[in-house]
Amino acid sequence: MNKVKTMAMAKDLVVDYPEVKYLDTTHILGKEYPVLVHKIDQIRDKNVPSSTFQTIVDEITTIELVEATRNFKLEEYEIETPICEMVGHRISGKKMVFAPIMRAGLGMAPAAKRLYPQSRIGHIGMYRDEETSRPVKYYWKMPKDIENRMVFVLDPMLATGGSADAAISELKHLGCKSIKFVGIIAAPQGIDVLQRNHPDVDIYVGAVDLGLNKDNYIVPGLGDAGDRIFGTK
Ligand code: PRP
Ligand code: URA
C-alpha cells in the first residue's frame, strides 16, 4: 500500500474547515491507548461483519468509559472475604444515566450497563435529515429525576456535531448540570461545535479523523454506524 497516496486520496474528499484547537475538556483517547486505535481501525474495514462490528464497539465503549469515569470517588464499606473481614470500596453516590443517541448509540449501551449495572438508560431518538444533515428528534425518554443525575451521552459518531449538540442542549434545558459526551470517531467540526456551545461538557472520543465529505460523513470514518451495527444496509 502506498501510504502517502492513500492519505492524499482521503484528503481530497474532505471539505475545507479551519483548524480546531482542542481544549482540555476534549479527550482523544487513541493518543493514550494503542488498543483503541487497533480496535477502531478494525471496525473501519467495510468487510467486517455486523456481529464483529458490534462486539468491537462494545469493547471500545468499555475502555472509553473506564477513562471517562476515572475521577469517580470511592467510599468505604465493610465486607467479609472467606478469610477475614475487610474494608471494601465502591463508587459512591453516583446517579448515572447513559443516554444513547439512536440508533447507533444503542450499540454502546450494553457495555455501559455491564460496567455500571446500577445506572439508568435514557433514550434519545434522533436522526440526521438526509438533505440538511440537521438532527430530527423523534423520541425522548429519560429517568424522572434526570436533573440530579450525571448524564453520559453515547454516540459512536460525532460528525457535524448537530445531533450531540441538540441532545446536550435538551438535557441542559431539563436542568442537567453534569453531562459528558462519549463517542468513538469524531470530525474536527463536531468537536468544534461541542466545545463552543458546551464548554462545560467533557468530550471523550477514540479518534479524530480528517474531516467531513460533501455529504457530511466522516473521512475516512467507518460509514453509517447505525447501518453497520444493525446490519441494515
Ligand atoms: C448518525 C450518528 C449520529 C449522527 C452524527 O446517526 O449515529 O447520531 O449521525 O452526525 P452529526 O454529528 O452530523 O449530527 P444517523 O442520523 O445516521 O441515524 P441512525 O443512527 O439512526 O442511522
Ligand atoms: N453518521 C454516521 O453514522 N457516520 C458518519 O460518518 C456521519 C454521521
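Predicted model: local features only at pLDDT ≥ 70, side-chain atom pairs only at ≥ 80, totals over all residues.
1. Let's start at a loop: proline 220 sits between strand S15 (218-219) and helix H7 (225-230). The peptide bond that joins valine 219 to proline 220 is cis, with omega at about 0°.

2. Arginine 103 belongs to the loop between strand S4 (96-102) and helix H4 (109-115).

3. Serine 133 has a phi near 65°, which is positive although the residue is not glycine. You'll find serine 133 in the loop between S6 and strand S7 (135-141). Is serine 133 buried or exposed? Its relative accessible area is 8%, so serine 133 is buried, the cut-off being under 20%.

4. Asparagine 216 also has a positive phi, near 65°, and is not a glycine either. Asparagine 216 is in the loop between strand S14 (211-212) and S15. With a relative accessibility of 21%, asparagine 216 counts as partly exposed.

5. Now for the helices. H3 (residues 50-68) has 19 residues and spans 26 Å from first C-alpha to last, close to the 27 Å expected at 1.5 Å a residue. Its buried residues are Phe53, Ile56, Val57, Asp58, Ile60, Thr61, Glu64, Leu65, Glu67 and Ala68. When you look at that list, remember that an α-helix has 3.6 residues a turn, so residues three or four places apart point the same way.

6. How do H2 and H3 pack? The axes of H2 (residues 34-44) and H3 come within 10 Å and cross at roughly 155°, so the two helices are roughly antiparallel. The crossing is left-handed. On the H2 side, the contact uses Val35, Leu36, Lys39, Ile40, Gln42 and Ile43, while H3 brings Phe53, Ile56, Val57, Glu59, Ile60, Ile63 and Glu64. By class, that makes 9 nonpolar, 1 polar and 3 charged residues.

7. Compare that with H5 (residues 162-173) and H6 (residues 188-197), whose axes are 10 Å apart at an angle of about 20°. That angle makes H5 roughly parallel to H6, and their crossing is right-handed. Ala164, Asp165, Ile168 and Lys172 of H5 meet Val193, Leu194 and Asn197 of H6. The residues of this contact divide into 4 nonpolar, 1 polar and 2 charged.

8. Stay with H6 for a moment. Of its 10 residues, 7 are buried, so H6 is largely enclosed by the rest of the structure. The buried ones are Pro188, Gln189, Gly190, Ile191, Asp192, Leu194 and Gln195. Two of these names, Ile191 and Gln195, turn up again as contacts of threonine 26, along with Ile203, once neighbours within four places in sequence are left aside. Threonine 26 lies in strand S1 (residues 26-28) and is buried at 9% relative accessible area.

9. Last stop: histidine 123, in strand S6 (residues 123-128). At 27% relative accessibility, histidine 123 is partly exposed. What does histidine 123 touch? Not counting residues up to four places away in sequence, its contacts are Pro100, Met102, Leu106, Tyr139, Trp140, Lys141 and Met142. Glutamate 76 is 47 residues away along the chain, and its C-alpha lies 33 Å from that of histidine 123.

Key
Residues numbered from 1 in each chain as written. Chains lettered and ligands numbered in written order. Heavy atoms only, no water. Helix = DSSP H or I, 4+ residues; strand = E, 2+ residues; numbered from the N terminus. Buried < 20%, exposed > 50% of the residue type's maximum accessible area, 1.4 Å probe, protein only. Contact = heavy atoms within 4.5 Å. Axes fitted to C-alpha atoms, helices over the stretch in contact; angles between N-to-C directions. Parallel < 35°, antiparallel > 145°, perpendicular 65-115°, else oblique. Left-handed = near helix turned anticlockwise from the far one by under 90°. Nonpolar A, V, L, I, M, F, W, Y, C, P; charged D, E, K, R; others polar. Expected span 1.5 Å × (residues − 1).
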